[in-house]
Amino acid sequence: MEGESKTKAKPGKVGSSREASLKQKSPAEFFSENKNIAGFDNPGKSLYTTVRELVENALDSAESISELPVVEVTIEEISRSKFNNLIGLIERDRIDTALYDDYETEKAREKRLAKEAKEQEKQAKIAASGKKIKEVAKKAAKSRGESAFLKVTCKDNGKGMAHDDIPNMLGRVLSGTKYGLKQTRGKFGLGAKMALIWAKMSTGLPIDVTAATVGQDFCSHCILDIDINKNIPHVHLHEKQENSSKWHGAEIQVTIEGNWTTYRSKIISYMRQMAVITPYAEFLFKYVTESQDKNMTIRFRRRTDVMPPAPAETKYHPSAVDLLLIKRLIAETSKQTLVQFLQHDFTSISKSHAERLIGEMGSEFSPKMAVKSLTDQHIVRIHQLFRQAKFDEPSGECLSPAGEYNLRLGIIKELHPDMVATHEGSPQVFEGHPFIVEAGVSIGGRDVKPGLNIFRFANRIPLLFEQGGDVVTRTAMKRINWNNYKIKENQDKVGVFVSIVSTKIPFKGTGKEYIGDDIEEIASAVKSAIQQCCGQLKAKIIRQQAAWDKQERKRTLAKYIPGVSRALYDTLLTMIENDQSKRRKYGEEFDELVQKVSSHEITEATIKQKLTQHVDQMDMEMALEYATQSGMVEAAREAVFLNCLDDKQTFVVDLKSPVCVFRLFSGFGV
Ligand SMILES: Nc1ncnc2c1ncn2[C@@H]1O[C@H](COP(=O)(O)OP(=O)(O)OP(=O)(O)O)[C@@H](O)[C@H]1O
């Protein structure tokens, strides 16, 4: 029979009958097979995404209980032998060495060593000449075997997790507590589970969780893994432990294959940018290996206790719902009548507005009709009306932007720029979802390259990948005329920081890496926020340029004072030495001058002193004139009172800068 079907069937048919067999996949299975769409493309990126998902959960958790976040991240490198030990695998020496990928014949080894020696010699010569050693040489030495086993631990002081919920929260793909309409870093109910799936795929080790909710006198300890086919948690251990210190928060540990070498700089940039947008959090980042010299600890200190208010859960705007969502809202509503449902389960619909809308729906609708009795046709009618009718826009009150204060503080603390300007735009709406764009533009600073350095944030998450297509990058590169604002976009070290918060961030893809450039409302809000910052900077740049010009003028004049003093004094001496007849034509004033020079009242030093005084005087007069012209008169003087530790001392100290003077003095009534 088998042979018969083989001869009869056309080649394509065999394949298509196999394809036709029906199969189902669990979400866990789907994401394990397509892990790149969740940011787990390769071992390096997987390490980065694991850190990112855990840190973002930690921040969401602490902020949800208005606790200033303290987040500790540790990446511990585990050697192969330690790893084997951990899983109880006995070490085995290689016998057939030629079987292995890193096997080298004796000839190849000699060739490599000779090449390396030559390279080293070349580098030594370059180093001796004081030139920078090229990166290429280092790259040549890289091999593909840099993936390692890494234990990633993230500990926070957040709300913790209820004992019984832990397995489902962390062992079931697409489960979470952030599905409501609210600005949160997490949304999909996927991140932590992807880290677990990757651990399962690369090391086979389960996730280890310790958590305690606020006020709980025990900690939950859970070791679990995930049944990929069924998408259910597989619990190895779930116990309660003593919590005498009443600690609350979560500590999640996952052992994965990762590549620290290639993603090190990305992970550190991510932590640094997170510190910029979250200056009210304390981050401790550690990388631990068996060799001490590779270890690293970075602490990003908390710089403020001012935390943005927690985002609030909001209701859907009528223009943001589809048929399915309306059906779900009807199923979930606690309201009895249609009018109550429209008024209370949506934003921007008042009672009278709801009644008018119902009147518009037709005779089969009435305000008092039971909402649960609505048929599919009724729902289509409501949906169509929602699409066509006019509604007030949703307010941005439910959103929690970082705030200009935090953004500015974060930029200053991490970049130390020469100048910074920030702006928070007013709430706007995209497809029924409110959003706010905040921006900061800085000039100069530490570790900032000349040109545009773009930093993007969405719901206060730094976005580091796929920069090219992002709305912020495109706007900064293509739609801002930097010259108009006296900013040299290719020479100046320009930092462009844009943070977008919304109840729905229109990310492209599940990787949460970039926001497309196709949403006009967002693109124009981004442009306007950057322009506002540039406008502020332009005034500062012009003022600074004027101050520099003035300083330069003073410096140039001062440079000539010694030479001019000497020349003047020499001229005076020559004139004095001239005979009487010649001196007479200089007049009586000259006699007085002769007197003063002879009695050493006028010397080269006094001329120098007078000229210096004159230049200072001129400088002050010009500064005053400039201040009057630009409105910086006495009114700009502001008194700030500080408590003096020692009130017996009196002092006046002026700290001068080209644009202002800080005068510190003791005592009252001065
Ligand atoms: N550190 C933590 N503290 C408290 N709860 C946590 C913590 N980490 C995860 N959770 C809970 O587990 C749930 C699932 O987390 P997971 O990372 O899988 O998804 P998410 O954060 O909801 O969404 P996303 O996939 O977009 O990140 C979260 O919704 C949260 O309730």
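1. In this predicted model, Glu56 and Arg52 lie 4 residues apart in helix H4 (residues 43–64), which means that about one helical turn separates them. The two residues form a salt bridge in which the closest N and O atoms are 3.0 Å apart, and both Glu56 and Arg52 are buried.

2. A second salt bridge, between Arg299 and Glu282, has its closest N and O atoms 3.2 Å apart, and this pair links distant parts of the chain, since Arg299 belongs to strand E8 (residues 296–300) and Glu282 to strand E7 (residues 282–288), 17 residues apart. Arg299 is partly exposed, with a relative accessible area of 43%, whereas Glu282, at 16% relative accessibility, counts as buried.

3. Lys488 and Asp492 also form a salt bridge, with the closest N and O atoms 4.0 Å apart; here Lys488 is partly exposed at a relative accessible area of 42%, while Asp492 is buried at 18%.

4. Salt bridges with shared partners join Asp41, Lys45, Arg52, Glu56 and Glu513 into one network, and a search of the whole structure finds 29 salt bridges.

5. Turning to the cysteines, a disulfide needs two cysteine sulfur atoms within 2.5 Å, and by this rule the count comes to 0 disulfides. For Cys154, which is in no disulfide, the nearest cysteine sulfur is that of Cys219, 16 Å away, and Cys154 itself counts as buried at 3% relative accessibility. Cys534 is likewise in no disulfide, the nearest cysteine sulfur being that of Cys533 at 6.7 Å, and Cys534 is buried, with a relative accessible area of 0%.

Terms used: Residues are numbered from 1 along each chain as its sequence is written. This is a predicted model: local features need pLDDT of at least 70, side-chain atom pairs count only at pLDDT 80 or more; totals for chains, interfaces and linings use all residues. Side-chain values use heavy atoms; hydrogens and water are left out. Buried means under 20% relative accessible area, exposed over 50%, partly exposed in between (1.4 Å probe, protein chains only). A salt bridge is a side-chain nitrogen of Lys or Arg within 4 Å of a carboxyl oxygen of Asp or Glu. Helices (H or I, at least four residues) and strands (E, at least two) are DSSP runs, numbered from the N terminus.
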